[in-house]
Amino acid sequence: MRSSFLILVIGLLFLILTDSILWIQIRQYLKKRWQIFLYIFHSLFFIITLILFQFFISRLKGPGGYFWIEKLIGLIFLCYTPKLLFILLNSISIICRKRYYHTAQIIKRLASFFAICLFVLLLYSITQGRYNYKIEKITVPLENLPSAFQNFTIVQLSDIHLGSYGKSYKGIARLIKEVNALHPDLIVFTGDMVNNFADEISPWINDFKELKANYGKYAVMGNHDYGDYTRWANPDDKKNNLKHFRENMAEMGFHMLNNSHIPIVLQTDTLWLAGVENWGKPPFPRYGKLDLALNSIPAHRPIILLSHDPSHWRAEVLHHPVHLTLAGHTHAMQMGIKIGKKKWSPAQYLYPEYDGLYQQGKQYLYVSRGQGYLGFPGRIGLRPVITQLKLVAENKH
């Protein structure tokens, strides 16, 4: 209760301080009453909305809670991030104007220009940008890959977070269409189908049933799928939610690989697909048991492992004969830049492997930045990704 009240106070101080500084900087241009009224109304809207959210947020315990919280986060980002950029640049122009008048005027114009550009970018990121999927095709050379699996394709999905969407969301239908157009041999999902509640899946079950793969659909659980981020009335409710989640995944056609493995047989050759429950660095839970997942798999056979959190790769997986690990979790913080082979995201300061293909020796890790979102309801710079991984023999790529 204290932490939520502290967040409210910090949020209100941020809104009031930002709008007050901006008012001081632009009040000379607001000469008409309707302009002043609009500015004050805008500020009061966010202040009152934040206060109301504080009183009602405790009631948002169901699947719809994240949806409304994220809408508020999106609106604040959309309106206040450009304001902050304008205030910063305009402050520089004010400091410079006595000695460098012409330079100050240029900076002042740039402040408005960049603030407008940032507003447009954020608006796009929380509208069409959130489901403007990028199809990423990756070739992975594997040691001892059986000949029957040459050019075998796997589509990886991750971090869909179904509770973040309303019924009008177009992204899921587009996702199904894009995946099926790739005609994958195998579809895998590497965790975080929901934010907390199994019921988040219910509106989308028929959509995910339409996903087609020649050799099936497999999944593991992410940290959000256990329902650990909400207060349950009693332990049985949480237990039933977890049971319901697994039932919904099965109804959508996903076979859960929770600390287990399964052979994928093609002609007379076999590829082993293993999966662990979530294994992460604290405070994220460690339910994964890698030894159990790999137990009894024949030696010198190619193994593909599904593990939600990429930090698991360096911590444990590299010490086992796993050829390819598929992970998600990071979202690449839903923000970044990628130009050619050069890329940047704030996620890299928390996760050395946060997006794309990584290699150590003959072992590979692919981290998907996922298709969904959490918190901020969009993607800035780095588009949501659908990944097709094509397997080839090590000496044939």
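I take buried to mean under 20% relative accessible area, and I note at the outset that what I am reading is a predicted model.

**Thr325.** I looked up Thr325 and found its place in strand S9, which covers residues 324–327. Because the relative accessible area of Thr325 is 2%, and the cut-off for buried is under 20%, I record Thr325 as buried. Leaving aside residues up to four places away in sequence, I listed its contacts as Leu305, Ser307, Trp313, Val317, Tyr364, Leu365 and Tyr366.

**Nonpolar cores.** I then turned to the largest nonpolar core, which has 34 residues, and noted that Met193, Phe208, Met249 and Phe254 have the most contacts inside it. At least two residues of this core come from each of strand S2 (152–157), helix H5 (171–181), strand S3 (186–190), helix H6 (205–209), helix H7 (235–251) and strand S5 (254–256). The largest share, 4 residues, is supplied by H5. For Met249, again not counting residues up to four places away in sequence, I wrote down contacts with Phe189, Met193, Ile201, Ala219, Phe254 and Met256. I also found a second, separate core of 27 residues, in which Phe152, Ile154, Tyr364 and Leu389 are included; Tyr364 was already in my notes as a contact of Thr325.

**Helix H3.** I checked the length of helix H3 (residues 65–96): its 32 residues, at 1.5 Å a residue, should span 46 Å, and I found the end C-alpha atoms 47 Å apart, which agrees. Along H3 I noted a bend of about 25 degrees at Tyr80, with a proline, Pro82, following within four residues.

Note on methods. Residues are numbered from 1 along each chain as its sequence is written. This is a predicted model: local features need pLDDT of at least 70, side-chain atom pairs count only at pLDDT 80 or more; totals for chains, interfaces and linings use all residues. Side-chain values use heavy atoms; hydrogens and water are left out. A nonpolar core is a set of buried Ala, Val, Leu, Ile, Met, Phe, Trp, Tyr and Cys residues joined through side-chain atoms within 4.5 Å. Buried means under 20% relative accessible area, exposed over 50%, partly exposed in between (1.4 Å probe, protein chains only). Contact means heavy atoms within 4.5 Å. The expected span of a helix is 1.5 Å times one less than its number of residues. The bend at a residue is the angle between axes fitted to the seven residues ending there and the seven starting there.
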